[in-house]
Amino acid sequence: MSNILKNHIAKFAQVSDNDFEQIKKFFDIKQTCKKENLLKEGQICRHHYFVLDGLLRKFYINEKGTEQTTEFAIETWWLTDNFAYENQLATEFYIQAVEKSTLLYITLEKQQKLLEEFPVMERYFRFVYQRAYAAAQKRIKFLFSFSKEEFYFQAVRNHPEFIQRVPQYLIASYLGFTPEYLSEIRKRLLS
């Protein structure tokens, strides 16, 4: 399983086998059940999660009491509440396993020690954060540029395997509409 992380690091930074053996000691592993909450609103955000296998989502509960999904993480993606994690604050979000998942996770303290001992990991995390930021920018552009239908069609075109994997009610939550409205859009797409 550590080979998944090793291969992911290798995409962005050069790390020797010996260094990687030391690097992986900074991480712990966790198996989750489907729908298990890893983080709840009001808790201090202590972990940054790397998905080895499975699917996570980050969401909050809006003023109407409805879950609003803001992010997903599949294999080789990272997920946390970045602001709460970096500042060790109470979060406004939930992080939940959508599927039974296997995760690596790291605390802020361990991550800081990792970066001190292995400065090359600064490069790795810089690329991880840059990609996450770019994806967030693209999502914001889509939200403002496309109708809800166009936003969904864009998701289907760009990530068909992801759309098939994620339950419909969570896709609706991510796109900002009801499951019923998503059903109507899907029916129109099929006809």
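Is F127 buried, partly exposed or exposed, and at what relative accessibility? I noted that this is a predicted model. F127 has 23% relative accessibility, so I count this residue as partly exposed, since buried would need under 20%.

Next I looked for aromatic pairs, and the search of the whole structure gave 18. In one of them, F12 and F127, the ring centres are 5.5 Å apart and the planes meet at 20°, so I logged the pair as stacked. F12 sits in the loop between α1 and α2 while F127 belongs to helix α5, so the pair ties together parts 115 residues apart in sequence. F12 itself is buried, at 7% relative accessibility.

Then I turned to F27 and W78: their ring centres are 6.1 Å apart with planes at 50°, so this pair is tilted. F27 is in the loop between α2 and β1 and W78 is in strand β6, 51 residues away. I found F27 buried at 9% and W78 buried at 11%. Ring pairs join F12, F27, F50, W78, Y124, F125 and F127 into a cluster.

I followed helix α5 along its length. The helix has 26 residues and spans 38 Å from first C-alpha to last, close to the 38 Å expected. Its buried residues include Y124, F125 and V128. F144, also in α5, is exposed at 73%, and I140, L143 and F144 make a nonpolar surface patch of about 350 Å².

Last, I checked the record: an unreviewed UniProt entry places a "Cyclic nucleotide-binding" domain at residues 33-117. I get 19% helix and 42% strand over that stretch.

Conventions:
Residues are numbered from 1 along each chain as its sequence is written. This is a predicted model: local features need pLDDT of at least 70, side-chain atom pairs count only at pLDDT 80 or more; totals for chains, interfaces and linings use all residues. Side-chain values use heavy atoms; hydrogens and water are left out. Patches are made of residues with over 30% relative accessible area and no salt bridge: like charges are joined within 9 Å, nonpolar side chains (Val, Leu, Ile, Met, Phe, Trp, Tyr) within 5 Å. Accessible areas come from the Shrake-Rupley method with a 1.4 Å probe; for residues, only the protein chains shown count as cover. A salt bridge is a side-chain nitrogen of Lys or Arg within 4 Å of a carboxyl oxygen of Asp or Glu. Helices (H or I, at least four residues) and strands (E, at least two) are DSSP runs, numbered from the N terminus. Buried means under 20% relative accessible area, exposed over 50%, partly exposed in between (1.4 Å probe, protein chains only). UniProt positions are given in the numbering used here, feature names are shortened, and annotations may be inferred rather than shown by experiment. The expected span of a helix is 1.5 Å times one less than its number of residues. Rings of Phe, Tyr and Trp (its six-membered ring) pair if their centres lie within 6.5 Å; planes under 30 degrees apart count as stacked, over 60 as edge-to-face and the rest as tilted.
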